[in-house]
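Please read it alongside the sequence and the model.

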Amino acid sequence: MTRSNLIIGMVAFMLSWLHTTTSPALELQPPQLHGYGTLGWVHDDHARSAFVRDTNQSPKDTLPDDRSWFNNDSWLRDSRLGLQASMRLSPELSLMSQVVLRDQITRDFGYYVDWALLAWNPLPETQLRVGRVGYDLFLISEQRNMGYGYPWIRPPVEFHGWIPLFSLDGADISHAVVVNDARWRVKLQGGRSLGVGIPMDDDLYRLDLDRLFVATLAYEKGPWQVKIGHSRLHLNHEAKPLSPLHDALDGLAGSGLPAVEAQAAEYRRDMSFADSRITLSTLGVVYDNKDWLVQAELGRVSATIDMSTNHDMGYLAVARRLGNWTPYALSSAIRPHKPAYAATFNWGDGLPAGMADGLNGLQQVAITAINSSRMDQETYTLGLRYDVTPWAALKWQWDSTRIHPNGYLLRPGNLLDRSQPLSVQALSVALDFVF
Amino acid sequence: MKTVIALLVSMLGFVSEVALAENLVVVVHPSNPLTALTRPQLSDLFLGRGTTFPDGQRATIVEQARDSRTRESFFRLVNGMSLNQVNTYWARLTFSGRINPPTFMTDGRGVLRTVATNPEAIGYVDAGLVDESVRVLLDLRE
């Protein structure tokens, strides 16, 4: 039985039990079905770049060949539907599963199952969970899909958009203590994940992540909340869409052009995902006194290869609750650690024209490929949330994004000259609800 | 003038309804040994931050109907949160997979019955509903 089948079976089992069990022992926590959703629409003013909420969304969905200024909109990007089934088997044991239907390029059912877990609380403040659990590194890691839970329409793209990793298959353990009215919570997670796919031209790179670890420490007292986190991910296979490029670069070995061979080998290493590692560190602070919500988070991600993510990112959000109205402002940015790759010399220099053209072309393709993973942009956001009922909120949001040269991963566009900066304005409307 | 009077009458009616809903007491099972609970401790329990009573015993909260005026009044009295804020807070907890959502009863009598039959339960009801099947732990009218 594959892992996906196991997850699907667990979900089906819970849903079937949901409708059949009437055990009096569960009176305090009978099986429950809850859900949430977002109906969202986004429009932007740039016809040749695609709006994506995260890198697991295909730019082609909103970038048709005949795209014009007037049809740069999408109902898919922010719309989603989540269903959660939970039940308590005993005071210490509970089952939970959550399926989230959203626009993403990996469309097998297993990729829509965010959690399917068994939780055991041997002590009231200690919890061990096994199965598919939420990847819990950031302040709102486990709530990124639930728009009702935060003021804005979507989590800051610059902070969350490059890592649409929602869950891991494995286990976690958390323990909380209260000291001087302050609540401290430590959590460790370990496992693997198949949950991320990255579009690469017409193909897809499924990130098979293993040896995935997360450690977080959270502090909560009064209106303050602080969370620091550290995570490591290991990629265990190559990106198949890059195979032709890998082969071409490997083919230069023994070409008798030492400088070209050395640089080709360097490029080849910098785009070798197999056995590469990613390290993330984050620090988040929240101040929420019921009237004001101020939330800020900083992150640093480093990888062992340059074509992976090597960036610093952060955001600052401020929201003011005025009855049912919540105006908010948000600013977020992501910056690469290194400047973009550029040719230090032309591989074809001094060679016959035909061969020179081929080598120069290969060199340019390799440089473009490595630079394609760079993210270098910032967004300024203004918005308004209106709580229509205690279970639904309507939101309007305006985003102004500036993308710097060669920093286009979060704003893909096949026809763009990525060496040029780009400024994009986007208008979004969303209805978030829970049930 | 008639419009103003009608408006005042309707506002008085609203205030009266709120006042009725604020006639709340916190109840536990008669066997629960706890003798006192502060409002911050109560708030932590009903926000899922704490899962035990101050004496270390496991606590299970029993909620009124999710969108009820009783629940709205309870949180305003205990920690000043609006129903929108409470629902948003609980939605974040529930859909993060960290904690099972609380059990919601349809009315105060349901809360009373559940607390009366579960030693670890804690709930809140209109003071007028209380009988010998439960014990009042905290009077929110004080």
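## Strand pairing in chain A

β15(A) pairs with strand β16 (residues 392–408) of chain A in the antiparallel sense, over 13 bridges. The model is predicted: local features need pLDDT of at least 70, side-chain atom pairs count only at pLDDT 80 or more, and totals for chains, interfaces and linings use all residues. Residues are numbered from 1 along each chain as its sequence is written, while chains are lettered from A and ligands numbered from 1 in the order in which they are written.

Helices (H or I, at least four residues) and strands (E, at least two) are DSSP runs, numbered from the N terminus. Two strands pair if DSSP finds at least two bridges between them.

β15(A) and β16(A) make a hairpin with 2 residues between them. A:T389 has A:A392 in β16(A) as its bridge partner. Strand β14 (residues 325–336) of chain A also runs antiparallel to strand β15 (residues 375–389) of chain A, and 10 bridges join them. There, A:A329 is bridged to A:L382 in β15(A).

## A:A296

Strand β12 (residues 292–303) of chain A holds A:A296. The cut-offs are 20 or more other C-beta atoms within 10 Å for buried, 12 or fewer for exposed, and in between for partly exposed, with C-beta atoms placed from the backbone.

Leaving out residues up to four places away in sequence, A:A296 touches A:V285, A:Y315 and A:L316. Contact means that the C-beta atoms, placed from the backbone, lie within 7 Å. A:S332 is 36 residues from A:A296 along the chain, and their C-alpha atoms are separated by 9.4 Å.

## The two chains

In chain A, 43% of the 435 residues count as buried. In chain B, buried residues make up 38% of 142 residues. The pattern of chain B along the sequence is α-β-α-β-α-α-β-α-β-β.

## Where the chains meet

Contacts link 25 residues of chain B with 32 residues of chain A. Helix α4 (residues 83–95) of chain B gives the most to the chain B side, with 9 residues. That side has 6 nonpolar, 15 polar and 4 charged residues. Here Ala, Val, Leu, Ile, Met, Phe, Trp, Tyr, Cys and Pro count as nonpolar, Asp, Glu, Lys and Arg as charged, and the others, Gly among them, as polar.

Terms used:
Two residues are in contact if their C-beta atoms, placed from the backbone, lie within 7 Å.
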